[in-house]
Amino acid sequence: MEIKKKQQAFEVALRELTGANPKLAEALKKDHIDLDTLTDIEVIELFWATELFPIYADKSPHTRRAYKQDLEFVLSFVMTKTEGLKRLTVLDIHRYLFDVNEQYSPRTAQRKNNMLKRLLTYLHINQYHQHNLAFHVKNQKRPEPLRREVDFEEIERIAESFRYTVQRAQKKELIELRNETIGYLLLTTGMRASELLSVKFNNVKRNQHTFYIEVKGKRDKWRRIPLTEKTSHLINRLQTLMMIEEVDTLYIAFSTKKSGKALTYEALRLMTHKAVEVVAAKNSNPPHWFRRAYITKLLANGSPLIGVMQLVGHNSINTTNAYLQSLNELSNLHVTNLPFE
């Protein structure tokens with residue numbers, strides 16, 4: 001009876017794996033995955049189901065979204081600029097590398113190249129290609145753009161200018177306060193833009209010492225970030241004004257176009273650029289610049305490297321250590337103070 005239950009559970013898992021497509025299930029019944037009877041779309045589906053996200057894997061939504069974007073780019077290239085997966089050539093690979101290098105930054109290009117390399121290796125191992133074309137996928141050597149030095153006074157002025165990016169007349173006071181709160185959260189927490197956009201009012205907590213915010217970062221890791229007095233005050237004011245204006249949403253960075261939803265990253269990026277224009281800065285700075293300024297300021301204030309790494313959610317201390325290059329003088333590393341208090 002127990003064996004029968006396990007067999008039934010496996011059948012359910014198999015249907016989930018193959019999407020109840022009998023051709024995909026049939027392709028798994030040899031000592032290699034038989035891809036020859038499948039269309040390009042079905043090959044990609046099986047690659048997704050057996051290589052990237054098998055039923056026993058536990059990947060975060062962030063990883064799933066990133067893989068989906070990269071795989072869609074590969075599939076689009078194959079379908080529009082080649083004769084199909086089966087007939088890929090070395091020249092096709094170089095054309096793909098050229099397109100990626102023209103369109104994306106080195107880090108994003110490397111990610112998309114890795115997806116293609118992984119797919120080609122998968123095809124070769126399963127005897128779809130005689131030769132492993134992944135050998136020809138190499139990341140282009142391109143100098144990283146020079147990083148702009150952090151001007152702490154300027155970035156604080158930019159954060160203050162978020163409230164002046166509002167042009168609409170309806171509920172203008174509320175939207176100005178929302179934008180100002182977003183600006184100060186970027187400035188004083190070091191959150192990634194994606195983290196800020198997912199933060200809800202119930203993520204703001206208080207203990208006997210201070211207000212803090214609970215943030216879920218990469219790989220679903222939670223961390224606590226203390227809030228400055230001004231930032232916590234802005235959040236409280238925003239929540240109060242939302243009740244008065246009868247705006248019902250869980251998100252601090254709420255959208256005015258989609259009820260109950262958060263702002264999109266693109267909307268946040270445009271808001272940041274408008275704030276930069278308000279202070280007449282020459283360069284357009286992405287939301288991530290606030291995170292960089294926050295980390296650099298923490299280190300300049302004397303915070304321990306390991307403490308900063310944990311606070312901002314870096315996976316490696318080497319990432320945090322790289323921010324020390326922005327500092328001219330590192331001394332008196334004893335006292336931890338919140339930046340921009």
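**View 1. Packing of the buried residues of helix 6 against helix 3, helix 4 and helix 5.** In this predicted model, local features need pLDDT of at least 70 and side-chain atom pairs count only at pLDDT 80 or more, whereas totals for chains, interfaces and linings use all residues. Residues are numbered from 1 along each chain as its sequence is written, and side-chain values use heavy atoms, with hydrogens and water left out. Helices are DSSP runs (H or I, at least four residues) numbered from the N terminus. The buried residues (under 20% relative accessible area, 1.4 Å probe, protein chains only) of helix 6 include Lys112, Asn113, Met115 and Tyr122. Their partners are helix 3 (40-52), helix 4 and helix 5, contact meaning heavy atoms within 4.5 Å.

**View 2. Crossing of helix 4 (residues 61-81) and helix 5 (residues 90-103).** The two helices pack at an angle of about 125 degrees, their axes lying 11 Å apart. Axes are lines fitted to C-alpha atoms over the stretch in contact, and angles run from 0 to 180 degrees between N-to-C directions. From helix 4, Phe73, Val74, Phe77 and Lys81 meet residues of helix 5, among them Arg95, Tyr96 and Val100.

View 3. With 40% relative accessibility, Arg157 counts as partly exposed, the class between buried and exposed (over 50%). Arg157 lies 26 residues from Gly183 in sequence, and their C-alpha atoms are 9.9 Å apart in space.
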